[in-house]
Amino acid sequence: MKPSPLRIHRPKTIENTLELLAAHASDGKIIAGGQSLVPVLNMRLAAPENLIDITAVDGLDGLTIEGQEITVGALVSHRRLERDPGVASANPLLGEALRHVAHPSIRNRGTTVGSIAHADPNGEMPMILALTGGHVRVRSLRGARTLTADELNVGPLETSLEPDELITEAIFPALQPGQRAGFDELARRSGDYGLAGVGLIMSTDNADAVASVDASRPPVSGTAGKIAAITGLKAGFVSVTDTPDIIELDQFVSGTPVDRVDTIVDAVASAIKDFIDPEGDIHATADYRRHLTGVIAGRLLKRLSRQNSTRGASALSGGQ
Ligand SMILES: Cc1cc2nc3c(=O)[nH]c(=O)nc-3n(C[C@H](O)[C@H](O)[C@H](O)COP(=O)(O)OP(=O)(O)OC[C@H]3O[C@@H](n4cnc5c(N)ncnc54)[C@H](O)[C@@H]3O)c2cc1C
């Protein structure tokens, strides 16, 4: 099928974009990379009369790392974010998750902000925004506001954005000293949406982490040869919750030395399996997704415990 008839607007400025959004609030839609919206239009699951194409808008393609924040403009593609060395250094979790988003050609066109606005519970980046404690900046003719991931995500494919609002940028915090982070998922084929996916951020008391990605080396000793202890753990999920809900798991892990992580894996996996709420479909039953999520979380936890620095996980994961 093809989209129903529509008019395409191509503003060049943010102000003009906001005027168009206000004028077409009831019958207009923003299009960025089109990687989610075009299939929706082609299947006529949506039939806006006006498309506001933001790809020529000045000032939306910034990617900056300042202080403790990675600021991602609305036109930054998944691929650009994935391959940026500064981003990899500030928070390797982003690149690690992005390598699981679709195929490289889709990541070349699709934007991370578009993915966050689309709010697909199968999408990696809405969850990563929530797990990192990120937020989005939003503008309309009525003014500007900031929304945390929690405030933005209302339900599957549903956000709290008003029809006249544009997300100008998403802000992901950098990892803090002593933190390690990783993402993994299982998909039936490489590039498919994951059947289940897990992101973890582990905090440790080893703030003087050595920059190494060699997982085969023994658990790192922290200051003065002391084995690092885990001080916190939080997890987010792909395809097994309706919205990017985050679980804090500190009570199961706090004080555990990283070389004793085997003693807490079962408790963490069990808490996660109780927390999620997967649904069955033609690809996998709900029970299978629940089981899979526990297995992925356990493996990821072990991998993070072996990791020698805040930088290591991305070198050890799959994706393309
Ligand atoms: C075959 C295939 C496989 C895919 N697999 C995955 C996958 O595994 N994981 C995954 O996460 N995604 C996957 N995607 C989706 C892909 O990541 C999209 O790029 C992304 O979801 C949307 O980005 P976009 O720029 O293409 O947005 P568009 O398709 O242009 O827009 C998506 C929605 O966001 C809105 N929007 C876009 N930008 C803004 C903005 N700045 N402010 C407000 N609203 C905005 C649009 O109005 C629309 O409702 C897949 C897509 C395809 C076609």
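A cavity is a set of points, on a 1 Å grid over the protein atoms alone, where a 1.4 Å probe fits but cannot get out, whereas a pocket is an open set with protein on both sides within 12 Å along at least five of seven lines; lining residues have an atom within 4 Å of a point. The model is predicted, so that local features need pLDDT of at least 70 and side-chain atom pairs count only at pLDDT 80 or more, while totals for chains, interfaces and linings use all residues. Residues are numbered from 1 along each chain as its sequence is written, and side-chain values use heavy atoms, with hydrogens and water left out.

The volume of the largest cavity is about 60 Å³, where a volume is the space filled by probe spheres set on the grid points, which are joined across faces, edges and corners. Its lining consists of Ala119, Asp120, Pro121, Gly123, Pro126, Met127, Asn153, Phe237, Thr241, Thr243 and Pro244. By class, this lining has six nonpolar residues, four polar and one charged (Ala, Val, Leu, Ile, Met, Phe, Trp, Tyr, Cys and Pro count as nonpolar, Asp, Glu, Lys and Arg as charged, and the others, Gly among them, as polar).

The largest pocket has a volume of about 1,200 Å³. It is lined by 47 residues, and those closest to its centre are Ser36, Leu37, Gly114, Ala117 and His118. Two or more lining residues come from each of strand 2, helix 2 (37-42), helix 7, helix 8 (124-132), strand 9 (158-159) and strand 10 (helices, H or I of at least four residues, and strands, E of at least two, are DSSP runs numbered from the N terminus). Helix 7 gives the largest share of this lining, five residues. The lining comprises 22 nonpolar, 18 polar and seven charged residues.

The ligand takes the space of the largest pocket (more than half of its atoms lie within 2 Å of the pocket's grid points). Around the ligand are 30 residues, the closest being Ile30, Gln35, Leu37, Thr111 and Glu124 (a residue is near if one of its heavy atoms lies within 4 Å). Helix 7 (112-118), strand 2 (28-31) and strand 10 (166-173) each contribute at least two residues to this shell, with the largest share, five residues, from helix 7. The shell contains 15 nonpolar, 12 polar and three charged residues.

Polar contacts are pairs of N or O atoms within 3.5 Å. Ligand oxygen atoms lie 2.5 Å from a backbone N or O atom of Ile30 and 2.8 Å from one of Gly33. In the side chain of Ser36, an N or O atom is 2.7 Å from an oxygen atom of the ligand. The protein buries 89% of the 970 Å² that the ligand exposes when taken alone (Shrake-Rupley method, 1.4 Å probe).

The second largest pocket holds about 700 Å³ of space. Asp120, Asn122, Tyr193, Ser239 and Asp281 lie nearest its centre, among 29 lining residues.

Technical notes. Polar contact = N/O pair within 3.5 Å; in protein donor to acceptor, adjacent residues only side chain to side chain.
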